[in-house]
Amino acid sequence: MDAAIFEEFKRLVLWLVANDLQPVFVGNNSWTITSADGTKTPFQEFVTANIGEFDWFMADSCPMPYKPQKASTEYVLNELGWEKHEAVYVGNTETDMRTARNGGLLFLNALWHGEANDYGFKFDSPKDIARFIDCFYIGIHSWFWALEDEDLQVYSLAPFSTMSARYQDAHGFSHHARNTAKSGGGDPVFWGRLLASSVYSSGLAEDISFVTSYPGHSTTSAEPSVNTALTIFADCMQAKFIPDLLVRHTTAQKSQNARIAGKAVGVKNQIDTIHLNPAPLKTKKGDRYKSPPLKKGKTVLIVDDFCTQGNSFEAARAYIAATGAKVLCLSWLKTINTDYNELKPMVTVKNPYGPNTVADEPTKVTHWFSSHVVNPAATSDLSAVFEKYYHWDWP
(Lines give C-alpha, C1' and ligand atoms only; values in the text may rest on other atoms or scores of the structure.)
Protein backbone atom coordinates (compact mmCIF):
# COMPACT_ATOMS: atom_id res chain seq x y z
CA MET A 1 0.00 0.00 0.00
CA ASP A 2 1.26 3.48 -0.86
CA ALA A 3 2.30 5.15 2.41
CA ALA A 4 1.06 8.64 1.40
CA ILE A 5 -2.34 7.29 0.36
CA PHE A 6 -2.65 5.35 3.62
CA GLU A 7 -1.82 8.45 5.66
CA GLU A 8 -4.59 10.44 3.95
CA PHE A 9 -6.96 7.47 4.29
CA LYS A 10 -6.08 7.41 8.01
CA ARG A 11 -6.82 11.11 8.18
CA LEU A 12 -10.25 10.52 6.60
CA VAL A 13 -11.12 7.75 9.07
CA LEU A 14 -10.06 9.81 12.08
CA TRP A 15 -11.92 12.83 10.71
CA LEU A 16 -15.11 10.75 10.43
CA VAL A 17 -14.71 9.55 14.02
CA ALA A 18 -14.11 13.13 15.24
CA ASN A 19 -17.42 14.12 13.62
CA ASP A 20 -19.35 11.27 15.27
CA LEU A 21 -19.56 9.31 12.01
CA GLN A 22 -18.88 5.58 12.11
CA PRO A 23 -16.50 3.98 9.58
CA VAL A 24 -17.29 0.32 8.82
CA PHE A 25 -15.15 -2.11 6.80
CA VAL A 26 -17.00 -4.62 4.61
CA GLY A 27 -15.50 -7.32 2.38
CA ASN A 28 -15.83 -10.86 1.14
CA ASN A 29 -12.41 -12.06 2.29
CA SER A 30 -10.02 -10.88 4.98
CA TRP A 31 -7.40 -8.57 3.45
CA THR A 32 -3.64 -8.57 3.88
CA ILE A 33 -0.96 -6.00 3.10
CA THR A 34 2.60 -6.75 2.09
CA SER A 35 5.47 -4.63 3.44
CA ALA A 36 8.64 -3.80 1.53
CA ASP A 37 10.44 -6.81 3.03
CA GLY A 38 7.66 -9.17 1.94
CA THR A 39 6.03 -9.52 5.34
CA LYS A 40 2.27 -10.06 5.14
CA THR A 41 0.00 -8.51 7.78
CA PRO A 42 -3.78 -8.87 8.07
CA PHE A 43 -5.23 -5.50 7.07
CA GLN A 44 -7.59 -5.47 10.07
CA GLU A 45 -4.62 -5.93 12.38
CA PHE A 46 -2.71 -3.18 10.57
CA VAL A 47 -5.63 -0.73 10.80
CA THR A 48 -6.20 -1.53 14.47
CA ALA A 49 -2.55 -0.86 15.25
CA ASN A 50 -2.25 2.31 13.17
CA ILE A 51 -5.72 3.90 13.33
CA GLY A 52 -7.97 2.21 15.89
CA GLU A 53 -10.74 -0.30 16.53
CA PHE A 54 -13.68 -0.41 14.09
CA ASP A 55 -16.50 -2.70 13.01
CA TRP A 56 -15.46 -5.27 10.40
CA PHE A 57 -17.82 -7.46 8.38
CA MET A 58 -16.03 -10.13 6.32
CA ALA A 59 -18.18 -12.74 4.62
CA ASP A 60 -15.52 -15.45 5.04
CA SER A 61 -15.55 -15.08 8.83
CA CYS A 62 -19.09 -13.92 9.78
CA PRO A 63 -22.71 -14.69 8.77
CA MET A 64 -22.80 -11.79 6.25
CA PRO A 65 -23.79 -12.96 2.74
CA TYR A 66 -21.14 -12.42 0.09
CA LYS A 67 -21.03 -9.20 -1.91
CA PRO A 68 -22.50 -8.05 -4.28
CA GLN A 69 -25.73 -9.59 -3.01
CA LYS A 70 -28.35 -7.16 -1.74
CA ALA A 71 -28.45 -9.27 1.43
CA SER A 72 -24.84 -8.32 2.27
CA THR A 73 -25.62 -4.64 2.86
CA GLU A 74 -28.94 -5.55 4.48
CA TYR A 75 -27.06 -7.69 6.98
CA VAL A 76 -24.64 -4.88 7.87
CA LEU A 77 -27.38 -2.27 8.19
CA ASN A 78 -29.47 -4.57 10.39
CA GLU A 79 -26.49 -5.34 12.62
CA LEU A 80 -25.78 -1.64 13.09
CA GLY A 81 -29.42 -0.53 13.33
CA TRP A 82 -29.07 1.89 10.41
CA GLU A 83 -31.49 2.94 7.69
CA LYS A 84 -30.23 2.95 4.10
CA HIS A 85 -30.11 6.73 3.87
CA GLU A 86 -27.88 6.86 6.96
CA ALA A 87 -25.00 5.15 5.15
CA VAL A 88 -22.92 5.67 2.01
CA TYR A 89 -20.67 3.12 0.31
CA VAL A 90 -17.05 4.03 -0.50
CA GLY A 91 -15.23 1.72 -2.93
CA ASN A 92 -13.88 1.48 -6.46
CA THR A 93 -14.24 -2.03 -7.88
CA GLU A 94 -17.00 -3.45 -10.05
CA THR A 95 -18.07 -5.59 -7.06
CA ASP A 96 -18.20 -2.49 -4.86
CA MET A 97 -20.39 -0.68 -7.39
CA ARG A 98 -22.77 -3.63 -7.76
CA THR A 99 -22.94 -4.10 -3.97
CA ALA A 100 -23.87 -0.46 -3.39
CA ARG A 101 -26.34 -0.44 -6.27
CA ASN A 102 -28.03 -3.71 -5.23
CA GLY A 103 -28.31 -2.39 -1.68
CA GLY A 104 -29.64 1.02 -2.73
CA LEU A 105 -26.69 2.86 -1.18
CA LEU A 106 -25.12 6.02 -2.59
CA PHE A 107 -21.82 4.94 -4.16
CA LEU A 108 -18.74 7.14 -3.71
CA ASN A 109 -16.16 6.02 -6.28
CA ALA A 110 -12.70 6.19 -4.68
CA LEU A 111 -10.35 6.82 -7.59
CA TRP A 112 -7.16 6.94 -5.51
CA HIS A 113 -6.86 3.16 -5.89
CA GLY A 114 -7.29 3.45 -9.66
CA GLU A 115 -10.43 3.82 -11.74
CA ALA A 116 -12.07 0.40 -11.95
CA ASN A 117 -15.54 1.43 -13.10
CA ASP A 118 -17.40 4.47 -14.36
CA TYR A 119 -20.26 4.54 -11.85
CA GLY A 120 -20.99 6.75 -8.88
CA PHE A 121 -19.72 10.17 -7.90
CA LYS A 122 -15.96 10.18 -8.42
CA PHE A 123 -13.48 11.30 -5.77
CA ASP A 124 -9.77 11.78 -6.41
CA SER A 125 -8.70 11.57 -2.77
CA PRO A 126 -9.86 10.76 0.78
CA LYS A 127 -9.85 14.53 1.34
CA ASP A 128 -12.48 14.97 -1.39
CA ILE A 129 -14.67 12.35 0.35
CA ALA A 130 -14.36 14.30 3.62
CA ARG A 131 -15.27 17.54 1.83
CA PHE A 132 -18.35 15.92 0.29
CA ILE A 133 -19.58 14.58 3.63
CA ASP A 134 -18.80 17.79 5.51
CA CYS A 135 -20.53 20.06 3.01
CA PHE A 136 -23.50 18.00 1.89
CA TYR A 137 -24.33 15.92 4.97
CA ILE A 138 -23.06 17.78 8.03
CA GLY A 139 -23.57 21.22 6.48
CA ILE A 140 -27.12 20.79 5.09
CA HIS A 141 -29.79 20.40 7.77
CA SER A 142 -33.04 20.00 5.82
CA TRP A 143 -35.04 21.27 2.88
CA PHE A 144 -35.65 25.00 2.83
CA TRP A 145 -39.25 24.48 1.66
CA ALA A 146 -41.35 21.32 1.56
CA LEU A 147 -44.96 20.74 0.60
CA GLU A 148 -46.42 17.31 1.38
CA ASP A 149 -50.16 16.97 0.91
CA GLU A 150 -51.55 13.57 -0.07
CA ASP A 151 -49.98 12.80 -3.49
CA LEU A 152 -48.42 16.27 -3.83
CA GLN A 153 -44.73 16.30 -2.82
CA VAL A 154 -42.59 19.33 -3.64
CA TYR A 155 -39.16 20.12 -2.17
CA SER A 156 -36.74 23.03 -2.60
CA LEU A 157 -33.16 23.33 -1.42
CA ALA A 158 -32.90 27.07 -0.85
CA PRO A 159 -34.75 30.40 -1.20
CA PHE A 160 -34.35 32.82 -4.08
CA SER A 161 -34.92 36.54 -4.01
CA THR A 162 -33.30 39.63 -5.47
CA MET A 163 -35.27 41.96 -3.20
CA SER A 164 -35.52 40.59 0.35
CA ALA A 165 -32.71 41.45 2.78
CA ARG A 166 -33.68 38.42 4.89
CA TYR A 167 -32.87 36.06 2.02
CA GLN A 168 -30.00 38.07 0.58
CA ASP A 169 -27.58 35.81 -1.25
CA ALA A 170 -24.39 37.26 0.18
CA HIS A 171 -22.11 34.61 -1.28
CA GLY A 172 -23.81 34.26 -4.65
CA PHE A 173 -24.96 30.64 -4.46
CA SER A 174 -28.41 31.31 -5.96
CA HIS A 175 -26.94 33.28 -8.86
CA HIS A 176 -24.37 30.51 -9.26
CA ALA A 177 -27.26 28.00 -9.42
CA ARG A 178 -29.07 30.10 -12.00
CA ASN A 179 -25.90 30.38 -14.09
CA THR A 180 -25.39 26.61 -13.89
CA ALA A 181 -28.96 25.89 -14.94
CA LYS A 182 -29.58 28.61 -17.49
CA SER A 183 -26.33 29.32 -19.28
CA GLY A 184 -24.14 26.25 -18.88
CA GLY A 185 -21.77 28.08 -16.53
CA GLY A 186 -21.49 27.62 -12.79
CA ASP A 187 -20.52 24.21 -11.47
CA PRO A 188 -22.83 21.28 -12.29
CA VAL A 189 -20.67 18.94 -10.14
CA PHE A 190 -21.38 21.04 -7.03
CA TRP A 191 -25.11 21.26 -7.69
CA GLY A 192 -25.35 17.64 -8.77
CA ARG A 193 -23.69 16.46 -5.57
CA LEU A 194 -25.91 18.73 -3.52
CA LEU A 195 -29.11 17.53 -5.21
CA ALA A 196 -28.18 13.86 -4.97
CA SER A 197 -27.07 13.97 -1.33
CA SER A 198 -30.18 15.93 -0.30
CA VAL A 199 -32.59 13.46 -1.92
CA TYR A 200 -30.62 10.48 -0.67
CA SER A 201 -30.22 11.61 2.94
CA SER A 202 -33.93 12.52 3.15
CA GLY A 203 -34.90 8.91 2.42
CA LEU A 204 -36.89 9.89 -0.68
CA ALA A 205 -34.49 8.07 -3.00
CA GLU A 206 -35.83 4.65 -2.03
CA ASP A 207 -39.15 5.38 -3.78
CA ILE A 208 -37.74 6.66 -7.08
CA SER A 209 -38.02 4.62 -10.30
CA PHE A 210 -37.12 7.31 -12.84
CA VAL A 211 -35.38 10.69 -12.77
CA THR A 212 -35.85 13.47 -15.30
CA SER A 213 -35.35 17.22 -15.63
CA TYR A 214 -38.05 19.66 -16.69
CA PRO A 215 -37.47 21.07 -20.19
CA GLY A 216 -36.66 24.72 -20.87
CA HIS A 217 -39.34 27.07 -22.20
CA SER A 218 -38.17 26.74 -25.82
CA THR A 219 -38.25 23.78 -28.20
CA THR A 220 -34.55 24.46 -28.77
CA SER A 221 -33.51 24.86 -25.12
CA ALA A 222 -30.19 23.18 -24.28
CA GLU A 223 -30.09 20.09 -22.10
CA PRO A 224 -29.65 21.10 -18.44
CA SER A 225 -25.97 20.90 -17.43
CA VAL A 226 -26.84 19.05 -14.22
CA ASN A 227 -28.12 16.05 -16.23
CA THR A 228 -24.75 14.28 -15.92
CA ALA A 229 -25.00 14.36 -12.12
CA LEU A 230 -28.62 13.19 -12.26
CA THR A 231 -27.53 10.25 -14.42
CA ILE A 232 -24.95 9.23 -11.81
CA PHE A 233 -27.47 9.63 -9.00
CA ALA A 234 -30.09 7.53 -10.81
CA ASP A 235 -27.52 4.79 -11.47
CA CYS A 236 -26.66 4.66 -7.77
CA MET A 237 -30.32 4.32 -6.82
CA GLN A 238 -31.19 1.57 -9.31
CA ALA A 239 -33.37 4.15 -11.04
CA LYS A 240 -33.26 5.26 -14.66
CA PHE A 241 -32.40 8.77 -15.75
CA ILE A 242 -34.54 9.68 -18.76
CA PRO A 243 -33.39 13.04 -20.18
CA ASP A 244 -36.24 13.37 -22.69
CA LEU A 245 -39.19 12.02 -20.72
CA LEU A 246 -40.94 15.40 -21.02
CA VAL A 247 -41.05 16.93 -24.49
CA ARG A 248 -41.51 20.65 -25.22
CA HIS A 249 -43.40 20.45 -28.52
CA THR A 250 -44.21 24.18 -28.71
CA THR A 251 -42.24 27.10 -27.28
CA ALA A 252 -43.98 28.35 -24.14
CA GLN A 253 -44.34 31.93 -23.03
CA LYS A 254 -41.46 32.60 -20.68
CA SER A 255 -42.91 33.16 -17.22
CA GLN A 256 -40.34 35.74 -16.18
CA ASN A 257 -40.95 37.86 -19.28
CA ALA A 258 -44.71 37.62 -18.81
CA ARG A 259 -44.49 38.76 -15.20
CA ILE A 260 -42.26 41.70 -16.15
CA ALA A 261 -44.84 42.69 -18.77
CA GLY A 262 -47.62 42.47 -16.17
CA LYS A 263 -49.32 39.51 -17.86
CA ALA A 264 -50.97 36.63 -16.03
CA VAL A 265 -48.94 33.43 -15.89
CA GLY A 266 -50.76 30.14 -15.45
CA VAL A 267 -50.36 26.40 -15.74
CA LYS A 268 -52.27 26.33 -19.07
CA ASN A 269 -49.15 27.81 -20.70
CA GLN A 270 -47.26 24.66 -19.64
CA ILE A 271 -49.96 22.03 -20.20
CA ASP A 272 -50.52 23.21 -23.76
CA THR A 273 -46.83 23.03 -24.71
CA ILE A 274 -45.48 19.75 -23.27
CA HIS A 275 -46.27 16.05 -23.44
CA LEU A 276 -44.63 12.76 -22.48
CA ASN A 277 -42.27 11.01 -24.86
CA PRO A 278 -43.72 7.58 -25.79
CA ALA A 279 -40.24 6.28 -26.70
CA PRO A 280 -37.69 8.10 -24.51
CA LEU A 281 -34.00 7.26 -24.28
CA LYS A 282 -33.30 4.10 -22.31
CA THR A 283 -29.50 3.87 -22.45
CA LYS A 284 -26.51 6.16 -22.88
CA LYS A 285 -25.86 4.43 -26.22
CA GLY A 286 -29.09 5.84 -27.65
CA ASP A 287 -31.40 2.84 -27.29
CA ARG A 288 -35.04 3.79 -26.73
CA TYR A 289 -37.92 2.23 -24.83
CA LYS A 290 -40.10 0.18 -27.17
CA SER A 291 -43.15 1.03 -25.06
CA PRO A 292 -43.78 3.86 -22.56
CA PRO A 293 -42.02 3.04 -19.24
CA LEU A 294 -44.41 4.88 -16.89
CA LYS A 295 -47.19 2.96 -15.19
CA LYS A 296 -48.89 2.44 -11.86
CA GLY A 297 -46.42 1.62 -9.10
CA LYS A 298 -43.61 3.72 -10.58
CA THR A 299 -42.38 7.06 -9.19
CA VAL A 300 -40.74 9.86 -11.18
CA LEU A 301 -38.44 12.47 -9.66
CA ILE A 302 -38.70 15.71 -11.65
CA VAL A 303 -35.92 18.26 -11.14
CA ASP A 304 -36.26 21.92 -12.10
CA ASP A 305 -34.06 24.90 -11.32
CA PHE A 306 -36.71 27.29 -9.96
CA CYS A 307 -40.13 26.82 -8.39
CA THR A 308 -42.28 29.94 -8.30
CA GLN A 309 -46.01 29.15 -8.41
CA GLY A 310 -45.53 25.52 -9.40
CA ASN A 311 -46.86 25.77 -12.95
CA SER A 312 -44.17 23.53 -14.45
CA PHE A 313 -44.45 20.88 -11.75
CA GLU A 314 -48.25 20.84 -11.95
CA ALA A 315 -48.23 20.44 -15.73
CA ALA A 316 -45.80 17.53 -15.39
CA ARG A 317 -47.95 15.98 -12.66
CA ALA A 318 -51.01 16.17 -14.90
CA TYR A 319 -49.30 14.23 -17.69
CA ILE A 320 -47.63 11.68 -15.43
CA ALA A 321 -50.83 11.15 -13.41
CA ALA A 322 -52.50 10.04 -16.65
CA THR A 323 -50.09 7.06 -16.76
CA GLY A 324 -50.83 5.99 -13.18
CA ALA A 325 -47.31 6.81 -11.96
CA LYS A 326 -46.50 9.05 -9.00
CA VAL A 327 -44.38 12.21 -8.94
CA LEU A 328 -41.80 13.78 -6.62
CA CYS A 329 -40.91 17.40 -7.48
CA LEU A 330 -37.54 18.95 -6.61
CA SER A 331 -36.28 22.45 -7.37
CA TRP A 332 -32.92 23.97 -6.60
CA LEU A 333 -34.50 27.25 -5.51
CA LYS A 334 -37.95 28.41 -4.34
CA THR A 335 -38.97 31.99 -5.06
CA ILE A 336 -39.91 33.52 -1.71
CA ASN A 337 -43.32 34.96 -0.80
CA THR A 338 -44.88 33.20 -3.78
CA ASP A 339 -47.57 30.65 -3.03
CA TYR A 340 -47.79 27.25 -4.72
CA ASN A 341 -50.91 26.62 -6.83
CA GLU A 342 -51.92 22.96 -6.95
CA LEU A 343 -54.20 21.66 -9.71
CA LYS A 344 -57.30 20.50 -7.87
CA PRO A 345 -59.11 18.67 -9.23
CA MET A 346 -56.25 17.31 -11.31
CA VAL A 347 -56.57 18.12 -15.00
CA THR A 348 -57.53 15.09 -17.07
CA VAL A 349 -55.04 14.56 -19.89
CA LYS A 350 -56.65 12.37 -22.55
CA ASN A 351 -53.42 11.42 -24.31
CA PRO A 352 -50.29 11.98 -22.23
CA TYR A 353 -48.07 11.08 -25.22
CA GLY A 354 -49.29 13.81 -27.54
CA PRO A 355 -50.22 17.52 -27.44
CA ASN A 356 -53.23 18.51 -25.35
CA THR A 357 -55.01 21.82 -24.94
CA VAL A 358 -57.13 22.93 -22.00
CA ALA A 359 -59.88 25.43 -22.80
CA ASP A 360 -59.42 27.64 -19.75
CA GLU A 361 -56.99 28.15 -16.88
CA PRO A 362 -57.64 25.15 -14.58
CA THR A 363 -58.98 25.33 -11.05
CA LYS A 364 -56.28 25.46 -8.38
CA VAL A 365 -55.85 25.34 -4.62
CA THR A 366 -53.30 27.67 -3.04
CA HIS A 367 -50.67 26.48 -0.56
CA TRP A 368 -49.19 29.44 1.30
CA PHE A 369 -45.47 29.94 0.93
CA SER A 370 -44.95 30.79 4.60
CA SER A 371 -46.72 27.63 5.81
CA HIS A 372 -44.16 25.33 4.22
CA VAL A 373 -40.82 26.90 5.12
CA VAL A 374 -39.00 24.04 6.86
CA ASN A 375 -35.63 25.65 7.50
CA PRO A 376 -35.59 29.48 7.64
CA ALA A 377 -31.82 29.32 8.06
CA ALA A 378 -31.31 27.65 4.67
CA THR A 379 -29.74 30.77 3.19
CA SER A 380 -27.08 30.83 5.91
CA ASP A 381 -26.59 27.06 5.67
CA LEU A 382 -26.11 27.00 1.91
CA SER A 383 -24.05 30.19 1.85
CA ALA A 384 -21.67 28.59 4.35
CA VAL A 385 -21.56 25.33 2.39
CA PHE A 386 -20.99 27.16 -0.90
CA GLU A 387 -18.08 29.08 0.58
CA LYS A 388 -16.62 26.06 2.39
CA TYR A 389 -16.82 23.74 -0.64
CA TYR A 390 -14.38 25.82 -2.68
CA HIS A 391 -11.95 26.45 0.18
CA TRP A 392 -12.19 23.16 2.09
CA ASP A 393 -9.18 21.80 3.95
CA TRP A 394 -8.54 19.39 6.78
CA PRO A 395 -9.19 21.01 10.17
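This is a predicted model: local features need pLDDT of at least 70, side-chain atom pairs count only at pLDDT 80 or more; totals for chains, interfaces and linings use all residues.
Reader: At what angle do helix H5 and helix H7 pack?

Author: Helices (H or I, at least four residues) and strands (E, at least two) are DSSP runs, numbered from the N terminus. Two packed helices are described by the angle between their axes and the distance between the axes. Axes are lines fitted to C-alpha atoms, for helices over the stretch in contact, and angles run from 0 to 180 degrees between N-to-C directions. For H5 (residues 126–138) and H7 (residues 188–202), the axes are 10 Å apart and the angle is about 60 degrees.

Reader: How many residues of the contact of H5 with H7 are nonpolar, polar and charged?

Author: Contact means heavy atoms within 4.5 Å. On the H5 side stand Asp128, Arg131, Phe132, Phe136 and Tyr137, which meet Phe190, Arg193, Leu194, Ser197, Tyr200 and Ser201 of H7. Ala, Val, Leu, Ile, Met, Phe, Trp, Tyr, Cys and Pro count as nonpolar, Asp, Glu, Lys and Arg as charged, and the others, Gly among them, as polar. The residues of this contact divide into six nonpolar, two polar and three charged.

Reader: Which residue contacts does Gly104 make, leaving aside its neighbours within four places in sequence?

Author: Gly104 lies in the loop between helix H4 and strand E6. Gly104 is buried (under 20% relative accessible area, with exposed over 50% and partly exposed in between; 1.4 Å probe, protein chains only), its own value being 15%. Leaving aside neighbours within four places in sequence, Gly104 is in contact with Lys84, Tyr200 and Met237.

Reader: Which strands form the edges of the open sheet of three strands?

Author: Two strands pair if DSSP finds at least two bridges between them. The sheet has the order E5-E6-E7 with parallel pairing, and its twist averages 25 degrees from one strand to the next. E6 (residues 106–110) is joined to E7 by three bridges, and Asn109 stands opposite Lys122 in E7. Each edge strand pairs on one side only, and the two are E5 (88–91) and E7 (121–123).

Reader: At what angle to E5 does helix H4 run?

Author: Helix H4 comprises residues 94–103 and lies across both E5 and E6. Its direction relative to E5 is about 170 degrees.

Reader: How many bridges join strand E14 to E15?

Author: E15 (residues 326–335) has nine of its ten residues buried, so it is largely enclosed by the rest of the structure. Strand E9 (residues 152–160) pairs with E15 in the parallel sense over six bridges, with Val154 opposite Cys329. E14 (residues 299–307) also runs parallel to E15, and Thr299 has Lys326 as its bridge partner. The bridges that join E14 to E15 number eight.

Reader: What is the handedness of the crossover from E14 to E15?

Author: The chain passes from E14 through helix H11 (residues 311–321) to E15 as a β-α-β crossover. Such a crossover is right-handed if, with the strands pointing away from the viewer, the path from the first strand over the helix to the second runs clockwise. Here the crossover is right-handed.

Reader: Why is H11 described as largely enclosed by the rest of the structure?

Author: Among the buried residues of H11 are Phe313, Tyr319 and Ile320. H11 is largely enclosed because the number of its eleven residues that are buried is ten.

Reader: Which residue joins Lys344 through a cis peptide bond?

Author: Most residues other than glycine have a negative phi, and most peptide bonds are trans. The bond from Lys67 to Pro68 is cis, with omega near 10 degrees, and Pro68 lies in the loop between strand E4 (55–58) and helix H3 (70–80). Lys344 likewise takes part in a cis peptide bond, with omega about 5 degrees; its partner is Pro345.

Reader: What is the phi of Glu150?

Author: Glu150 is placed in the loop between strand E8 (145–149) and E9, and counts as exposed at 68% relative accessibility. Although Glu150 is not a glycine, its phi is positive, at about 55 degrees.

Methods:
Residues are numbered from 1 along each chain as its sequence is written. Side-chain values use heavy atoms; hydrogens and water are left out.
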